[in-house]
Amino acid sequence: MSRERKSYPKEFKVMSVELSNTRTDLSSLAKELDISPALLYRWRKEFSSKQGSSFPGNGKVLLSAAEQELALVKKELRETQMERDILKKAISIFSKGDNKYSGS
């Protein structure tokens, strides 16, 4: 029995964030809006950090050029580290095999 994920329009999210800025009790506001307080806090955080580019829709995050480049560099770093680890293991395996025959 899977629960279907709710989606909220950008206007609803922006209105919720603006309301949350005028209210002190966010839990009651979240209950009035029929959303979880954690969701409201997440929307506030995203809106405060990205302003106009927040809530692009369908879970797709809009990144600036610098953020895109950083994400690409991080991906390349992960791949390079994985390749390095594989090579280290291969060297370890082959060097253990060399020690068996060099003793006589």
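Okay, so a search of the whole structure turns up 3 aromatic pairs; rings of Phe, Tyr and Trp (its six-membered ring) pair if their centres lie within 6.5 Å, with planes under 30 degrees apart counted as stacked, over 60 as edge-to-face and the rest as tilted. This is a predicted model, where local features need pLDDT of at least 70, side-chain atom pairs count only at pLDDT 80 or more, and totals for chains, interfaces and linings use all residues. Residues are numbered from 1 along each chain as its sequence is written, and side-chain values use heavy atoms, with hydrogens and water left out.

Let's start with Tyr8 and Trp43, an edge-to-face pair at 5.3 Å centre to centre with 75° between the planes. Those two are 35 residues apart, with Tyr8 in the segment before helix 1 (10-22) and Trp43 in helix 3 (residues 37-50). Helices here are DSSP runs (H or I, at least four residues), numbered from the N terminus.

Buried or exposed, what is Trp43? Trp43 is buried, at a relative accessible area of 3%, while Tyr8 is partly exposed at 23%. Buried means under 20% relative accessible area, exposed over 50%, partly exposed in between (1.4 Å probe, protein chains only).

Phe12 also pairs edge-to-face with Trp43, centres 6.0 Å apart and planes at 90°. Phe12 lies in helix 1 and Trp43 in helix 3, so this pair ties together parts 31 residues apart in sequence.

Now helix 1 itself. Its buried residues are Lys13, Val14, Ser16, Val17 and Ser20. The face turned away from that buried side carries exposed Glu11 and Thr22.
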